[in-house]
Amino acid sequence: MSPMSMAWAADTRFVLASAQGAKVTDAAFRGRFLLLQVVRGPCAKACQDRVSDVRHAVEALGDLAQRVQVVRVGTQTGDTAGDTLHGSPQAIDQVLKGHGVAGVGPEGALLLDDEYGTFVERLDASGDALTDRLRRLLTARVSYIGIDETLWDYAPKRIDLMMDAPLDEHQQTYVYNKPQQIGSTYLKAVYHGYTDGTFRTRQARPPEWAHLGLLGPVIRAEVGDTLRVVVRNNAKSPYSLHVHGLRYTAASEGAMTAGVPGPYGIIPPGGTYTYVFDTPERAGPGPGDPSSVVWPYHSHAEEGVDENTGLVGAVVVTRKGMARPDGSPKDVDREFVTLFKIFDENHSALLQANIDRFTEAGRAPATVFQDEDDTPTDVETAAWIDSNLKYAINGYLFANLPGLDMHVGERVRWYVIGLGSESDLHTPHWHGQTVTVGGRRTDTVEVEPATTVVADMTPDNPGTWMFHCHVIEHFDAGMTALYRVLPKSSPLPVTAEGQK
Ligand SMILES: [Cu+2]
C-alpha cells in the first residue's frame, strides 16, 4: 500500500474505531465497508433528511448491514446527529484529496472498502435505489489482480516449433540476444490473478488456461452482474485497469479526462484500488452474438505505452441465463482467448531497464540509447528498432505458445482480440477446420486494434494444425501458433503452467 492509501486506511480505521469505542486492529475490518458521509456546516433540514435517508437505506440491507459502518464527518459541532465526528474543513478535505476524491458536496456520501483503504463508489441514489446499489456493491463478484514486473520470454524454446527447426537469420532478429539486440527475454509489467486481498498468493493457472501467456486473468460476468476488481500496483510506474464494453463511472474508468472530478483509478506504485463494473444488457451478447462476448482490458495510465509494457487481458460476458456458476457459457466445452498484437518494446515503459539489463553498454544505437560515444548508421538503428517489435500471439513467437489442445466434437469457442498500432491489422487463420462468426462460415477472421471476434468451432479433423496471422510479414516475424485436435478418447496432453 502506498503511504497515501495507508494514511487513508489508518484514518478511516481510526474514525471507525473511535465511533465504536473499539481498538483498531486489522482483522476487525476484514470485509467491512465504510459509508462516509461528509456534512459541512450546520446540518439543516435537507442535510438531516439525507442523514436519515442513508440510515434507513443501510438498515434495509438486513444482515448485510453488519458489513457497513456509517460514519458522518462534520465540520460543525453541536448538531443533533450524535455519531458525527468532527474535524476542520481542511482536515476533511485533506483526507478526501489524499484519496484522489474531489467534488464531494454537502451531504456527499462515499463507499470505501476499509480492508484496503480504497474508494469504491460515490453514492448518489436515495431510498430503495440506494439500498439496491449498496446490496449490489457488497455482493459483487470480486477478483484480485496484481500488477507485477516480471521477466517474459517470447520464445522460450528458441526454435521455430511450427517447422521444428532452428531459427533462420531473419527470425533470430526477434529472439537471439546480441550486443545490440535484446533478444527474447524482456522485463515487463503484467496482470496476475491473486487468491485474495492480501495479495500474497498468486492464483494458479490451470492447464486449460496455460495458453493465455502474457495476458492477465480472464475476468468473467453474466449479464446483470456487478464486479468489484481490486488491483494492487506492485510495479514502479503508475498504471490502471481500463475495461472495454462494461458500464463504469469515471472513478472506474482507469483513465483521466480533463474537467472530470477524480478519482480516476490511476494507481500509483504501491497503491491499491477498487474498480466497480456493471454488466447491463448492452455489455453482453447482442441479438446476433453467440452466448458470450469478449472485451479487452488494459492499463490506460499512459495509453499505448502501458499495453506495450504488457498490461493486457480479457473480459468474457455471458448472456443472462446462459452462464455456469463461474460465469462461463453453458453451451461451450472449451474456450481459448488469443491476442494478436505486435508488442513494441521500443515503446515500453521498461525500455531503459531492458537496455541496461540485456545489452552491452555503449554498443547500441545512439538514437535510442542517447549514447554520445556511439554514432550508429541508419541501418543499425533500423535493425535495433525492428528487433524490438514482437509479432506475438499472447506474447509468444514462432509457435512457442502452449496449450491450444482440444478434442474432436467439442464445442470450442475462440475469443480473438487485436490491440496495438497501425501495423496491427491481423487476419488470424486456422488450418484444418472452419469456424462460424455471427452465422457466417470462414477459416480466417479480421482484427484491428481493440476489435474482437468470437469464433465457434466444432473440430472434426484430428491433428496438429497451424493457427497464424495470414499477413505475410507478420507470419514471417513469428505470429504463429499450433493447435492440437485429439481423438475423443485421448487424454489431453498435460501442459505446464507456463511462465506466469
Ligand atoms: Cu498480423
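## Ground rules

Residue numbers start from 1 along each chain, following the sequence as written. Since the model is predicted, local features need pLDDT of at least 70 and side-chain atom pairs count only at pLDDT 80 or more, while totals for chains, interfaces and linings use all residues.

## The chain at a glance

The protein chain holds 10 helices and 25 strands. These are DSSP runs numbered from the N terminus: H or I over at least four residues for helices, E over at least two for strands. Of its 500 residues, 44% count as buried. Buried here means 20 or more other C-beta atoms within 10 Å of the residue's own, exposed means 12 or fewer, and partly exposed is in between, with C-beta atoms placed from the backbone.

Among contacts with a separation of 6 or more, 74% link residues 24 or more positions apart. A contact needs C-beta atoms, placed from the backbone, within 7 Å of each other.

## The core and A314

The largest nonpolar core takes in 115 residues, and V229, V231, V294, A314, V315, L397 and Y415 have the most contacts inside it. Such a core is a set of buried Ala, Val, Leu, Ile, Met, Phe, Trp, Tyr and Cys residues joined through C-beta atoms within 7 Å. Domain 1 (3-139) and domain 2 (145-347 + 393-486) both contribute residues, so this core lies between them. The domain bounds come from an automatic or database domain assignment.

Take A314 as a way in. Setting aside neighbours within four places in sequence, A314 contacts L215, V218, V294, P296, Y297, V337, Y415 and I417.

## Strands side by side

A314 also turns up in a sheet: it is the bridge partner, in strand 15, of P296. Strand 14 (residues 292-298) and strand 15 (residues 312-318) run antiparallel and are joined by seven bridges. Both belong to an open, mixed sheet of four strands in the order 10-15-14-12. Its edges are strand 10 (219-222) and strand 12 (242-243), each pairing on one side only. To count as paired, two strands need at least two bridges from DSSP.

Elsewhere, strand 25 (residues 480-486) pairs with strand 18 (residues 405-407) in the parallel sense over three bridges, with M406 opposite V485. Strand 25 also pairs with strand 24 (residues 463-469), this time antiparallel over six bridges, and W465 stands opposite Y483.

## A buried loop residue

N394 sits in the loop between strand 17 (389-393) and strand 18. Is N394 buried or exposed? It is buried, because 24 other C-beta atoms lie within 10 Å. Not counting residues up to four places away in sequence, N394 touches H211, L212, G213, L214, L215, T338, L339 and L401.

How values were computed: Two residues are in contact if their C-beta atoms, placed from the backbone, lie within 7 Å.
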